[in-house]
Amino acid sequence: MAKGATGMSQLAVAFALARRKPQRPFSSSLGGVLTFSTCAGGGERGRIVFLGTPQVAALVLQELLQAAAAPDSNFEVAAVVSRPSGRQWLEQERERQASAATVTAGGAATGTSTAGTSSAVNSDPKFSTQMPLLDAHILQQQNQKQHPRLPNWSRHGPSAVEQLARSRGFAADGILCPVSAKEPDFLEAIWRLKPDLAVTAAYGGMLPQAFLDIPKYGTLNIHPSLLPRYRGPAPVTRALQDGCSVSGVSLVFTVLQCDAGPILEQTQVPIDPDIQAPELTEHMFKLGTQMLLHQLPRVLSGAVTIRDAVPQDEALASYAHKVGKVDGLLDFRQSAQNCHDRVRAMAGWPGSRASLLVENKTTGLLEPIEVRVLRTRVVATSPGRAGPKPAAISTIPMLGCMAAADTMSISSKLSGQPPAGTRGQLMYTSTGELLVPCGDGNMLSILEMARRRAGNTGDSPSSAPRSYLTAKEFIDGIGKRRLFVPA
């Protein structure tokens with residue numbers, strides 16, 4: 001996406017959505033006046049299954065539960081689905097292996113039991129017409145053909161969504177944590193709930209067609225981008241990394257193809273040049289929750305269906321690939337703005353890391369160090385360049401700082417030849433900023449750096465040291481030795 005632009009696809013979606021009749025006002029804890037329409041089927045409350053995993057999804061669930069508790073609400077959250085922890089995965093894998101061993105040992109007896117389960121499930125007329133693919137025996141055979149993969153997460157405790165569901169009194173059978181949404185037991189449990197709608201927010205797993213066919217009115221997903229831009233698992237991160245000045249939130253019906261469903265509602269969000277991924281993600285999902293609560297009455301009454309949503313323009317689709325640790329590596333050969341955008345994008349996880357060289361006071365040799373950069377800004381260093389100007393500059397290890405009246409520019413301070421194996425020397429300012437020379441001639445000002453972990457100190461949260469260092473604290477910590485950027 002070009003900076004400051006959202007593309008013709010967003011304009012087309014906005015025009016198509018604007019042609020609809022105005023919606024009645026609503027409210028939640030986010031504010032406003034709430035008026036839900038009557039649910040089809042004699043005023044019964046619609047049953048919603050919520051799917052989400054991280055903290056931002058827990059925020060959505062919390063608002064959904066609060067709206068459901070209102071006296072005039074036309075829906076209830078019937079169940080919560082979340083991705084399992086690593087410990088849960090290991091327990092389920094042991095059960096799967098034990099079950100497989102039983103099948104091998106039992107032979108025909110186990111096969112009879114499986115067939116009986118399938119027959120009992122398919123005896124329900126609704127099941128056989130609405131879910132023809134949910135044959136437990138067939139799905140079990142398909143799953144056994146695939147070698148189980150270790151989950152790509154390392155947490156051992158329950159997710160934020162699961163913790164919230166427990167705290168709100170959901171029964172054990174109302175909190176589901178399948179390793180795969182293709183599991184026959186999970187699909188059967190969802191079918192037995194007879195949900196009217198499924199809602200997903202940062203769930204983290206693909207949903208098979210067998211699942212999508214169950215909810216009466218389909219599945220709605222809150223996606224933090226202006227679809228069809230930035231489909232996939234990391235839309236906020238990739239938008240910040242690309243330096244976008246505008247992004248947005250899309251409320252879409254889920255289809256089998258990743259984030260390709262028709263758009264029910266879409267809102268643009270201007271991006272502050274210094275906002276970081278965790279803050280922007282939370283803002284996006286709060287806005288998406290408002291959109292969801294706005295649309296729920298009409299969706300649950302059948303007034304709006306997937307056929308009324310606006311199809312995406314496949315020609316303008318782009319994909320936000322999953323983020324890995326390698327994405328956090330800073331390359332100071334790039335422009336200062338690109339480095340700044342990467343720090344913003346990778347904030348939280350995986351974080352941004354930079355390799356530097358520090359001078360050994362005794363030997364004079366340069367030793368490699370790795371620092372974790374938390375917060376930065378761009379500093380212009382020569383006339384005609386955009387961006388804020390730096391404070392007074394001092395070379396390392398000079399004591400004190402240059403007077404403000406000193407007219408010597410940063411360019412002249414860096415005019416000397418750097419040592420072999422380096423491409424530039426870092427500077428520091430009187431305000432405690434650490435300046436890194438970048439490939440475009442501008443500088444990246446490092447404002448905060450991560451503190452090295454020293455294990456469990458036993459300190460209480462109030463007395464424990466904060467998790468970051470200011471640039472000045474870092475400089476003082478290395479004895480104001482000279483720092484260089486590797487070549």
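Two strands pair if DSSP finds at least two bridges between them, and the strands themselves (E, at least two residues), like the helices (H or I, at least four residues), are DSSP runs numbered from the N terminus. The model described here is predicted, so that local features need pLDDT of at least 70 and side-chain atom pairs count only at pLDDT 80 or more, whereas totals for chains, interfaces and linings use all residues. Residues are numbered from 1 along each chain as its sequence is written, and side-chain values use heavy atoms, with hydrogens and water left out.

The protein chain has 14 helices and 16 strands. Buried residues, meaning those under 20% relative accessible area with a 1.4 Å probe and protein chains only, make up 48% of its 487 residues. Among contacts (heavy atoms within 4.5 Å) between residues at least 6 apart in sequence, 71% join residues at least 24 apart.

An open sheet of mixed pairing is formed by seven strands in the order β3-β2-β1-β4-β5-β6-β7. Strands β3 (175-176) and β7 (263-270) stand at its edges with a single partner strand each, so one side of each is left without a neighbour in the sheet. Within the sheet, β4 (residues 197-201) and β5 (residues 219-223) run parallel and are joined by four bridges, and A198 stands opposite T219 in β5.

Helix α8 (residues 184-193) lies across β1 (46-52), β2 (75-81) and β3, running at about 170° to β2, where axes are lines fitted to C-alpha atoms, for helices over the stretch in contact, and angles run from 0 to 180 degrees between N-to-C directions.

Rings of Phe, Tyr and Trp (its six-membered ring) pair if their centres lie within 6.5 Å, and planes under 30 degrees apart count as stacked, over 60 as edge-to-face and the rest as tilted; by this rule the count comes to one aromatic pair. The ring centres of F186 and F211 are 6.0 Å apart and their planes are at 0°, so the pair is stacked. This pair links distant parts of the chain, with F186 in helix α8 and F211 in helix α9 (residues 209-212), 25 residues apart.

| Residue | Relative accessibility | Class |
|---|---|---|
| F186 | 4% | buried |
| F211 | 0% | buried |

Eight of the ten residues of helix α12 (residues 336-345) are buried, so this helix is largely enclosed by the rest of the structure. Its buried residues include C339, H340 and R342, and what covers them includes α10 (235-241), α11 (277-300), β8 (352-359), β9 (366-379) and β14 (443-450).

Terms used. Buried means under 20% relative accessible area, exposed over 50%, partly exposed in between (1.4 Å probe, protein chains only).
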